[in-house]
Amino acid sequence: MAEPSQNDNSRGSNGPVHVLHVTDSHLFAQRTGRLLGLVTYDSLTAVLTAAAAEPPDMVLATGDLAQDGTAQAYAHLTEAFSSFAAACPLPPPVYWLPGNHDEPAVMRATLTRAPLRPETEVVVGGWYVILLDSTVSGEVGGVLSEGELARLDAGLRAHADRPALVCLHHNPVATRARWMDDIGLANAAAFFAVLDRHPQVRGVLWGHVHQAMDVERHGVRLMASPSTCIQFKPETVEFGLDPSAPGYRRLWLHPDGRLETRVFRVNNFAGCADPDATGY
């Protein structure tokens, strides 16, 4: 197991660690690329501009950061986060993981410039944060490999004295949108079997579903966040779009293990998705 980064231990030392969660930006090689009619670069930058009004200590970006998996799309991502970091008094590091639309090898080769960070584990403000890869090449749904499950178990065991936040892309619980549940985390039972061995886990955070969720399982907060672009209609059998604005989540990780969180929307964003468009 790789040693978690120690570079962010000072953040949150005088209070809770303030985390910004962004997900599912779906950027294209062209900055003007549209997903179901919406220019995804513009919606991402609108979200980051709004989030910069209350600068976080760190950012977690949980997959489907690109729609086409190209190096140019990740260059646009770096540009957007670099502008965001420059607007913050203390530039926050941005930790990322892949989603099913991403190309992990391209991400590893291109997301190398600050504020993007390559670590998949970090200790920050007394918390242990681990980022997992639930992608399966060529598949929309997700699976945590035996290696990733073992890494999760080992990391939690090594940091048993710290509250923990676990991040991945695919939803490990049902959303009540049947078409999304069919492409969630296929081995969720194995994932939760690991978590159940480690009572210090306080939260699980993911993307993929393009909607906000906040439920509890055995005392653990299970949270999905809105996409920075289009939103999916909840509680449906088939694919549908929700008119809600692009969004993001803030979390506050307290030294005593408490977790507070709230979802925000960028309601002044001028773009909108076209429910008659195709191409997701």
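**Polar contacts, sheet and aromatic pairs in a predicted model**

Asn-100 and His-208 are joined by a polar contact between their side chains, at 3.2 Å. The model is a predicted one. A second polar contact, of 3.1 Å, runs from the side chain of Asn-100 to the side chain of His-169. Asn-100 sits in the loop between β5 (94–97) and α3 (104–110). Its relative accessible area is 17%; the limit for buried is under 20%, so Asn-100 counts as buried. Beyond its neighbours within four places in sequence, Asn-100 is in contact with Asp-64, Thr-135, Glu-139, Val-140, His-169, His-170 and His-208.

Ser-225 lies between β12 (220–224) and β13 (231–232). Ser-225 is buried, because its relative accessible area is 0%. Its side chain makes a polar contact of 2.6 Å with the side chain of His-21. When neighbours within four places in sequence are set aside, the contacts of Ser-225 include His-21, Thr-23, Trp-206 and Arg-249. Leu-205, Gln-211 and Ala-212 are also in contact with Ser-225.

The sheet comes next. Six strands form an open sheet in the order β7-β8-β9-β10-β12-β11, and their pairing is mixed. From one strand to the next, the twist averages 20°. Strands of a sheet pair through backbone hydrogen bonds, in a parallel or an antiparallel sense. β11 and β12 are antiparallel, with 5 bridges between them. Asp-214 has Met-223 in β12 as its bridge partner.

Two helices meet these strands. Helix α6 (residues 188–195) packs on the sheet and touches β9, β10, β11 and β12. The direction of α6 makes about 150° with that of β10. Helix α4 (residues 146–158) lies across β7, β8 (127–131), β9 (164–167) and β10 (201–206). Helix α4 runs at about 175° to β8.

The aromatic rings give 5 pairs. Phe-232 and Phe-239 form an edge-to-face pair, because their planes stand at 70° and the limit is over 60 degrees. Their ring centres are 5.5 Å apart.

Tyr-248 and Phe-264 make a stacked pair, 5.5 Å from centre to centre and with 10° between the planes. This pair links distant parts of the chain, 16 residues apart. Tyr-248 belongs to strand β15 (residues 247–253), and Phe-264 to strand β16 (residues 259–265). Tyr-248 and Phe-264 are both buried. Arg-250 lies over the face of Phe-264, at 5.3 Å from the ring centre.

β15 and β16 pair in the antiparallel sense over 7 bridges. Gly-247 stands opposite Arg-265 in β16. The hairpin of β15 and β16 has 5 residues between the strands. In this hairpin, Gly-257 takes a positive phi near 95°.

Notes: Residues are numbered from 1 along each chain as its sequence is written. This is a predicted model: local features need pLDDT of at least 70, side-chain atom pairs count only at pLDDT 80 or more; totals for chains, interfaces and linings use all residues. Side-chain values use heavy atoms; hydrogens and water are left out. Helices (H or I, at least four residues) and strands (E, at least two) are DSSP runs, numbered from the N terminus. Buried means under 20% relative accessible area, exposed over 50%, partly exposed in between (1.4 Å probe, protein chains only). A polar contact is a pair of N or O atoms within 3.5 Å; within protein, one must be able to donate a hydrogen and the other to accept it, and residues adjacent in sequence count only if both atoms are side-chain atoms. Contact means heavy atoms within 4.5 Å. Two strands pair if DSSP finds at least two bridges between them. Axes are lines fitted to C-alpha atoms, for helices over the stretch in contact, and angles run from 0 to 180 degrees between N-to-C directions. Rings of Phe, Tyr and Trp (its six-membered ring) pair if their centres lie within 6.5 Å; planes under 30 degrees apart count as stacked, over 60 as edge-to-face and the rest as tilted. A charge sits over a ring if NZ of Lys or CZ of Arg is within 6 Å of the ring centre and within 35 degrees of the ring normal.
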